[in-house]
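Subject: Structure handover

Hi,

Here is the structure I promised to pass on. My notes follow below it.

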Amino acid sequence: MNTMEILKNTVTRLSRNYYFERVNENYRREILQEVEKSHDIKLFKERAESLLENGFLILDEYFKAELPAMKKDFESILKEPCEVGGEYNSVLLPRKYLSKSEVFSRIGFDMYCLYLIRYYWGRKITLAQTHGLRIDPATKEDAATKVENSASIWHDDGNGKQVKMFVLLTDVTENDQGTEIIPKTNKLYHNKRMQSNGGFSTLLTDEEAAKLGKAIQVCAKAGSAVIFDTNTIHRASRKENGKTRDAWIYYYTSGRYLFNLDYHPNVRQSLTAFQRQVGRIS
Ligand SMILES: O=C(O)CCC(=O)C(=O)O
Ligand SMILES: [Fe+2]
């Protein structure tokens, strides 16, 4: 082996180790002890197992009570300057608006969801990034050309230990804009692949993805939380005729890919020491 090959192998091995550097069982036991005090422990374990098994979990209408407040804030943030268009027919509501919304700030610290995500990784987590996202139906042109954009091509996010939580503000059925996932692919390790231009890619062709299993569209009612490991192969699925999907999205990592976040003052004030650590508030 030449030096380059040795170096490449070492990097691959180290990143593999990083990925598999997982699960502190004591940490998991502590979480179960905490959960038991205030929640149905059997249901929690079932949900945690399902997340571990499939790479995603739907908490049906978990934030239903918050829907009116969420919709109100979403609409008022949409009136502010947002990133329209982007990669596809969408509007991105940037993270800076989190501090304007009490409800979206609060939901990022929901203890039950944090328990599930911490249990999943078996280690400490941090809120790393957040934003809103409206995906509108594909235009005829988009559908015809199948727009070249990374989110609608099969991929994993390539960010190591990262879990996203989508809080849906609209009902998502199979016919609507949504996320397609290939269940159980969270267990595979996807090497970032070197591209001819020297960059790295985590994109898969349709043929490669088809070999990994049958894809499903994540369907859920407005107010549901969808928690998923972004190592699970997925893509944004866009349809000409389906309904628009609105969501607020939270990214949790074990301390990587961190963006500056600020929270609504009422929420900031009311957080526990533990939640402040998750929110990186000193
Ligand atoms: O918006 C979606 O449905 C999925 C986009 C995506 O790939 C992601 O959030 O990682
Ligand atoms: Fe993604």
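Start with helix α4, residues 67–78. Helix α4 has 12 residues and spans 16 Å from first C-alpha to last, close to the 16 Å expected at 1.5 Å a residue. That expected span is 1.5 Å times one less than the number of residues. Helices (H or I, at least four residues) and strands (E, at least two) are DSSP runs, numbered from the N terminus.

The buried residues of α4 are M70, D73, F74 and I77. They sit on the same side of α4, because they cover an arc of only 105° around the axis. The arc is taken from the directions from helix axis to C-beta atoms. P68, K72, E75 and S76 are exposed, on the face turned away. Buried means 20 or more other C-beta atoms within 10 Å of a residue's own, exposed 12 or fewer, and partly exposed in between; C-beta atoms are placed from the backbone.

This is a predicted model: local features need pLDDT of at least 70, side-chain atom pairs pLDDT 80 or more, while totals for chains, interfaces and linings use all residues. Residues are numbered from 1 along each chain as written, with chains lettered from A and ligands numbered from 1 in written order.

Next, α6 (residues 111–121). Its buried residues include L116, Y120 and W121. G122 follows α6, with a positive phi near 70°.

Last, the cover. Among the elements in contact (C-beta atoms, placed from the backbone, within 7 Å) with the buried residues of α6 are α2, α3 and β10. For α4, they include β3, α5 and β12.

Best wishes

Definitions and conventions
Contact = placed C-beta atoms within 7 Å.
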